[in-house]
Amino acid sequence: MSQLIVENLSIHYSKGVKALDNVSLAVNKGECVGIVGESGSGKSTLAKVLLGLQPYKEGYIAFEGNQIVPKKKEALREYRRQVQMVFQDANSTLNPKLPIWKSVLEPLDNFKEVQPSFLNREEASRKDLAKALLKMVGLDAHMLERFPVELSGGQKQRVSIARALSLEPGLLICDEPTASLDVTVQKQILQLLKGLQEKTEMTILFISHDIRAVTFLCNQIIVLKDGLVVDWFPLEELYHEDRHPYTKALIKAASF
Ligand SMILES: Nc1ncnc2c1ncn2[C@@H]1O[C@H](COP(=O)(O)OP(=O)(O)OP(=O)(O)O)[C@@H](O)[C@H]1O
């Protein structure tokens with residue numbers, strides 16, 4: 001059974017804008033699935049709907065067999081623990097007034113009942129927990145007392161990833177997590193996500209306009225254009241002649 005199922009999802013904004021048009025997809029546990037498309041193709045709308053931030057009237061979304069209904073608060077809370085998000089702008093995730101160690105512990109503070117297997121909440125001090133989380137994303141303990149303004153873009157994104165990992169999610173949704181970073185740092189973040197995915201076996205849904213990033217990380221690729229899924233294939237079939245002309249154009253523009 002697929003971990004995440006989306007069936008015939010359509011989203012219309014006011015003024016007749018159809019951001020998603022009958023979108024169906026399925027993501028299996030432990031897979032890394034990329035959603036690629038140009039600006040305006042509906043990627044962020046899809047991410048918002050999947051997080052329960054955007055209501056939907058047409059279609060069906062289920063995670064681990066349970067339908068996601070934005071108004072059902074209790075079910076949404078458990079879903080929000082299971083499904084974590086990394087956004088493009090780490091500044092929107094990190095409170096500028098909090099030192100990194102407090103920021104990194106915020107999700108665990110909101111879900112006191114969670115006992116991630118890689119942390120010993122009872123025995124460790126709060127700073128030790130924060131330190132262990134930073135270590136998972138390749139950050140040194142001397143970052144603990146710093147504030148977001150004192151970190152580079154890549155370091156801030158690592159902190160955002162550490163926060164997301166702290167609740168040991170079953171699914172990590174990354175919406176353009178590398179788009180604001182320079183090329184070398186982008187690569188490092190992609191490598192970090194790849195390593196974490198292999199280690200933890202969590203599912204990753206990686207949303208990006210950058211087909212290079214998607215093909216580096218993902219084993220399944222879904223192509224969105226004007227709110228429609230126009231192509232969906234395993235990585236091995238990237239150069240297959242059956243690829244949709246739009247996918248071929250994206251590949252060509254990326255000059256692989
Ligand atoms: N709140 C909104 N109200 C009206 N239209 C919207 C709203 N949000 C998005 N849209 C429209 O829906 C379509 C899809 O937008 P969306 O932001 O999901 O695309 P995207 O692929 O994430 O683009 P980008 O990469 O530029 O963020 C676009 O035509 C956009 O103008």
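Q: Where is Glu201 found?
A: In this predicted model, Glu201 sits in the loop between α6 (183-200) and β8 (203-208).

Q: Is Glu201 buried or exposed there, and why?
A: Glu201 counts as exposed, because it has 11 C-beta neighbours inside 10 Å and the cut-off for exposed is 12 or fewer.

Q: What about the phi of Glu201?
A: Phi is positive for Glu201, about 60°, although Glu201 is not a glycine. For context, most residues other than glycine have a negative phi.

Q: And what's the phi of Asn22 near?
A: For Asn22, phi is near 60°, again a positive value in a residue other than glycine. Asn22 belongs to strand β2 (residues 18-27).

Q: How exposed is Asn22, and why?
A: Asn22 is partly exposed, because 14 other C-beta atoms lie within 10 Å of its own.

Q: OK, new topic. Which residues surround the ligand?
A: The ligand has Tyr13, Val17, Ala19, Gly37, Ser39, Gly40, Ser41, Gly42, Lys43, Ser44, Thr45 and His209 around it.

Q: Which helix gives the most to that shell?
A: That's helix α1 (residues 43-50), with 3 residues in the shell around the ligand.

Q: Switching to helices: how do α4 and α5 cross?
A: The axes of α4 (residues 126-136) and α5 (residues 153-166) come within 9 Å and cross at roughly 115°. The crossing of α4 and α5 is right-handed.

Q: Which residues meet there?
A: From α4 you get Leu133, Leu134 and Met136, and they meet Ala162, Leu165 and Ser166 in α5. By class, that contact of α4 with α5 has 5 nonpolar residues, 1 polar and no charged ones.

Q: What about the largest nonpolar core, how many residues has it?
A: The largest nonpolar core has 65 residues, and those with the most contacts inside it are Ile173, Leu205 and Phe206. The largest share of this core comes from α5, with 5 residues.

Q: What does Ile173 touch?
A: Not counting residues up to four places away in sequence, Ile173 touches Ala47, Leu50, Leu51, Val83, Met85 and Leu205.

Q: Last one: is Leu108 buried or exposed, and why?
A: Leu108, which is in helix α3 (residues 100-110), counts as buried because it has 20 C-beta neighbours inside 10 Å.

Q: And what is Leu108 in contact with?
A: Leaving aside neighbours within four places in sequence, Leu108 is in contact with Val114, Ser166 and Leu167. Leu108 and Leu167 are 59 residues apart in sequence, but 6.5 Å apart in space, C-alpha to C-alpha.

Technical notes. Residues are numbered from 1 along each chain as its sequence is written. This is a predicted model: local features need pLDDT of at least 70, side-chain atom pairs count only at pLDDT 80 or more; totals for chains, interfaces and linings use all residues. A residue is near a molecule or strand if its C-beta atom, placed from the backbone, lies within 6 Å of it. Helices (H or I, at least four residues) and strands (E, at least two) are DSSP runs, numbered from the N terminus. Axes are lines fitted to C-alpha atoms, for helices over the stretch in contact, and angles run from 0 to 180 degrees between N-to-C directions. A crossing is left-handed if the near helix is turned anticlockwise from the far one by less than a right angle, and right-handed if clockwise. Two residues are in contact if their C-beta atoms, placed from the backbone, lie within 7 Å. Ala, Val, Leu, Ile, Met, Phe, Trp, Tyr, Cys and Pro count as nonpolar, Asp, Glu, Lys and Arg as charged, and the others, Gly among them, as polar. A nonpolar core is a set of buried Ala, Val, Leu, Ile, Met, Phe, Trp, Tyr and Cys residues joined through C-beta atoms within 7 Å.
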